Amino acid sequence: MDWLPAAASTYAADIDRIFYVILAVTGVILVGVLTVLIYFLFRYRGREGRKAFYIEGSNRAEVIWTVIPALFILGLAFASQSVWPKIKSPDRFPTDALELHVRAEQFEWNVTYPGADGSLGTDDDFTTRNQVHVPVDRPVVLHMESIDVIHSFFVPAFRIKQDVVPGMQNDAWFQATETGEFELACAELCGLGHYRMRARVIVHAQDEYESWMVEQS
Amino acid sequence: MATAEAVAGGAAHGHHEELSFVRKYIFSTDHKIIGIQFLFTCLVFLAVGGLLAMMIRWQLGFPGQPLPGAGVLGEARAPGGIILPEFYNSLVTMHGTFMIFFAIMPLLVGVYANYLIPLKLGAPDMAFPTLNMMSFWVFVASGVVMLASLFVTGGAAGAGWTVYAPLSAVPDYTGVYLGQQLWVVSIVLFGASSLLGSVNYITTVINMRAPGMTLFRMPLSIWALFITAILALLAVPVLAGAVIMLLFDQTIGTTFFLPADGGQPLLWQHLFWFFGHPEVYILILPAMGIVSDVIANGSRKPIFGYHSMVFAIIAIAFLGWIVWGHHMFQSGMNPLLGTSFMISTMAIAVPSAIKVFNWLGTMWRGNIQFHTPMLNAVGFVALFTIGGLSGIFMASNTVDVFIHDTYFIVAHIHYVLFGGSLFGIFAAIYFWFPKMFGRMMNETWGKIHFALTFILYNLVFFPMHILGMGGHMRRIYDPTEYEFLQRFQGMNEFITVSAFLLFVAQIPFLVNFFWSLFRGEKAGENPWHDNGLEWTTPSPPPHGNFATAPTVYHGPYEFSHPEAEEDFLPQNQPLGGG
């Protein structure tokens, strides 16, 4: 199925799996409810001389259709929870990641790289505007700040979305699994240029990335 | 004040009729007239919200092309008919604002809480008729301010109907000055109107029920409106407080939501959604109640599981207070909260499922009459089921990472608020029109309107799920800016054309409504053979509602009782004749 964009990060497959599980469960329930609804509408359509069956309810039925949805829901919640902390909990972020600093502002993304010494906040850092360069198959941790309004870092192919709120630092991580070019969009309404707050994400092969870094610094 | 004796007094109340035209139809304190005033006013706002949606759809279907006739909007909004990005943001904001605050909520609560509560409970009027009148006129003032904000320099509010700070708090961030402030002023007035109404509905339900009308003999529509009034009473002040803080940030230099001087942008989101999620249930519970009444009537059967339906309403209302954080999964809120809010949110699926199954149970072995109100109620069940199930995707914190702020949520909210609430409103309008105006609406045209609306509605909103799955962001002015969205342009055009047709399909409704006001077939007291007390008084009911105070002998859903002669038994008639 190509409804979801082609997945290009490690946890994209996890999110997609939960998505399809929920789609399957809700799809079956939907088809079931609509089938019963349409059948009842046809089977019990009003006719002359017919009298409806007088019944006020059934406790057994109420218990059944309380307990079964509750179990389904519990299952879906557990399934979701098996992935959520892996994506969002800062204490579960991968170690030995490439760390980048992202500064969002109306209407652009500025990405600062650690330079040759490998650490942010030193003299050899450099910044790109509306371009995010990362190596493939290596975790990347983003330290994000906004200087004006709320923006949201959204790369559909990586299934990453994290709001960037002024006044606080928002961290996120991903690990690209494909080389190539992807699109970064702002997902939170941020003003009249919101729709074009767009950046290119370029995923390099490992060695290519090293040489790109050297070129820049 | 209002006690059971006041009900008896209502009969005498019915005599002094000689009111001037102004007191009778404009500054009226009669709950029925106030309900009808809300109806006409809100239909205007519904049309405004619809028109704004058409402009949004034009831009999404045909980005950058001149909208025919849009030259009248002026250079600042659409030079040469081409919609500007800042105007687009105002369109999105005002469409949401008008539909939620000025159409759906008052159509359900303003119209039907006012019209139905006294009539269905056997009371001569509301507990506080003058407050009730004030509630309507403050609402009109609020609507006028919101309408006026469409025409001020700098344009209308453009920070989304959720008005997230700091975007909404600092005029320079949007370029909207007066418009954003008028939005706040209008919402404060709206809040005052809503509070006056809520106090009135709650008091009336508690104090003014006719003899024999115990709480568990109340129709589900009244239960839902009662619980909704409690939700509104507690939620709306939070919104009012928050928007006043926002106004201070905008105008007098406070920094509640601005980080520079220690404020907190996330505080806005917590306050807004602490109001906003109960608001979602304010917008759907009354429709659920109305649909329950109509389905029992249409199936000629008692509602299945009346008590669980009542408890489901209460459960939804209670859970509605502890789920607001699911709007903030990606906001930078502590991820631990993402877990707890997911669980509480998913729990709401249980009472919602109970309601759907009980509606099916009501139709089971019924004698189903396909009158227009019933068709709309059945449409509600089908579409609300889709909207409820699609909510589970967003409730999952993990899946939400991807579909948050995409068209998936746009599809979901419209399945709940249009497929759900608005179909419920149509059911209510067709069902109670004969009581309100003494004439029937045309059934054939009603059915045509339903069929067209139901089909076109799905053509507009179902594909939005697929847009959302493709990652299509909401609130973007021009999707063709993105390569990954190019493949959806055909679908966006299709949705736009369907939306225009959906808009046009409302013309039969409008014509039917106004034609029937004057030319419709005369309705008797009880054209739908229903059991509610409102059907035991003339159509339209006189001032004071009931000639003699009714006594209630049983619940509202005694259809097809084996010992009754007919297939209905009004609440004021004991079994076995009386």
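**Briefing on the predicted model**

In this predicted model, helix α15 of chain B, residues 407-437, bends by about 40° at B:F431, and a proline, B:P434, follows within four residues. Of the 31 residues of α15(B), 29 are buried, so the helix is largely enclosed by the rest of the structure. Just after α15(B), B:G438 adopts a positive phi of about 80°.

**Confidence**

- The model as a whole scores ipTM 0.96 and pTM 0.95.
- For chain B the average pLDDT is 95, and 97% of the residues score at least 70.
- Residues 1-15 of chain B have a pLDDT below 50, although this stretch has 31 contacts in the model beyond near neighbours in sequence.
- Where pLDDT is low, predicted coordinates should not be read in detail.

**Elements and domains of chain A**

- Chain A contains 4 helices and 10 strands.
- Read from the N terminus on, the order of the elements in chain A is α-α-α-β-β-β-β-β-β-β-β-β-β-α.
- The domain assignment divides chain A into domain 1, covering 12-87, and domain 2, covering 94-216.
- The C-alpha centres of domain 1 of chain A and domain 2 of chain A are 41 Å apart.

**Dimensions and packing of chain A**

- The C-alpha trace of chain A spans about 90 × 35 × 35 Å along its principal axes.
- Chain A has a radius of gyration of 25 Å, whereas a compact globule of 217 residues would have one near 17 Å.
- Of the 217 residues in chain A, 36% are buried.
- Among the contacts in chain A with a separation of 6 or more, 64% join residues 24 or more positions apart.

**Contact between chains A and B**

- Chain A contributes 70 residues to the contact, and chain B contributes 82 residues.
- On the side of chain A that touches chain B, at least two residues each come from α1 (12-43), α2 (59-81), α3 (84-88), β7 (160-164) and β9 (180-186) of chain A.
- The element that gives the most to this side of chain A is α1(A), with 13 residues.
- By class, the side of chain A that touches chain B comprises 42 nonpolar, 14 polar and 14 charged residues.

Key:
Residues numbered from 1 in each chain as written. Chains lettered and ligands numbered in written order. Predicted model: local features only at pLDDT ≥ 70, side-chain atom pairs only at ≥ 80, totals over all residues. Contact = placed C-beta atoms within 7 Å. Nonpolar A, V, L, I, M, F, W, Y, C, P; charged D, E, K, R; others polar. Rg over C-alpha atoms; globule rule 2.2 N^0.38 Å. Buried ≥ 20, exposed ≤ 12 C-beta atoms within 10 Å, placed from the backbone. Domains from an automatic or database assignment. pLDDT = per-residue confidence, 0-100. Bend = angle between axes of the 7 residues up to and from the residue.
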